[in-house]
Amino acid sequence: MFIMFNENVDKFFLRTKIRHINNAAKSILVPTIEFNLPEKSKVLLFLSDSDGNNIFTLINNEYLNKGLYSKDIDFSNLPDGNYCFNLITDYTTEKREIHLS
């Protein structure tokens, strides 16, 4: 499930980042995908490998309201390599490459 924040951002973006979480047992690095929709749109968001094959779909042609969305991603079951987040909306297409090692 994606978390929607009620931030007023009128610009589209897609980004990946690493969040650092400290818990009682250890420190954890958590990959996060974030994107902003400046207006309501149908959204397709998926991860593909370097050959363009779909690895998994996070959002499958769902209508989402304007806003900032964020989700932590678990890459523990993926082999090292190059991947790409693909975000397709009614008004734009964006890609962000990531490297797992």
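This is a predicted model: local features need pLDDT of at least 70, side-chain atom pairs count only at pLDDT 80 or more; totals for chains, interfaces and linings use all residues.
Student: How many helices and how many strands does the secondary structure of the chain contain?
Tutor: Both kinds of element are DSSP runs numbered from the N terminus, helices being H or I runs of at least four residues and strands being E runs of at least two. From the N terminus on, the elements run β-β-β-β-β-β-β-β, and the count is 0 helices and 8 strands.

Student: Which residues have the most contacts inside the largest nonpolar core?
Tutor: A nonpolar core is a set of buried Ala, Val, Leu, Ile, Met, Phe, Trp, Tyr and Cys residues joined through side-chain atoms within 4.5 Å, where buried means under 20% relative accessible area, exposed over 50% and partly exposed in between, with a 1.4 Å probe and protein chains only. The largest such core has 18 residues, and those with the most contacts inside it are Phe35, Phe75 and Phe85.

Student: Why is the pair formed by the rings of Phe35 and Tyr69 given the class that it has?
Tutor: Rings of Phe, Tyr and Trp (its six-membered ring) pair if their centres lie within 6.5 Å, and planes under 30 degrees apart count as stacked, over 60 as edge-to-face and the rest as tilted. Phe35 in strand β3 and Tyr69 in strand β6 are 34 residues apart, and their relative accessible areas are 0% for Phe35 and 5% for Tyr69. Because the ring centres are 5.2 Å apart and the planes stand at 15°, the pair is stacked.

Student: Which residue's side chain is joined to that of Asn86 by a polar contact of 2.9 Å?
Tutor: Asn86 lies in strand β7 and is buried, with a relative accessible area of 5%. A polar contact is a pair of N or O atoms within 3.5 Å; within protein, one must be able to donate a hydrogen and the other to accept it, and residues adjacent in sequence count only if both atoms are side-chain atoms. The backbone oxygen of Cys84 lies 3.1 Å from a polar atom of the Asn86 side chain, whereas the side-chain partner at 2.9 Å is Ser48.

Terms used
Residues are numbered from 1 along each chain as its sequence is written. Side-chain values use heavy atoms; hydrogens and water are left out.
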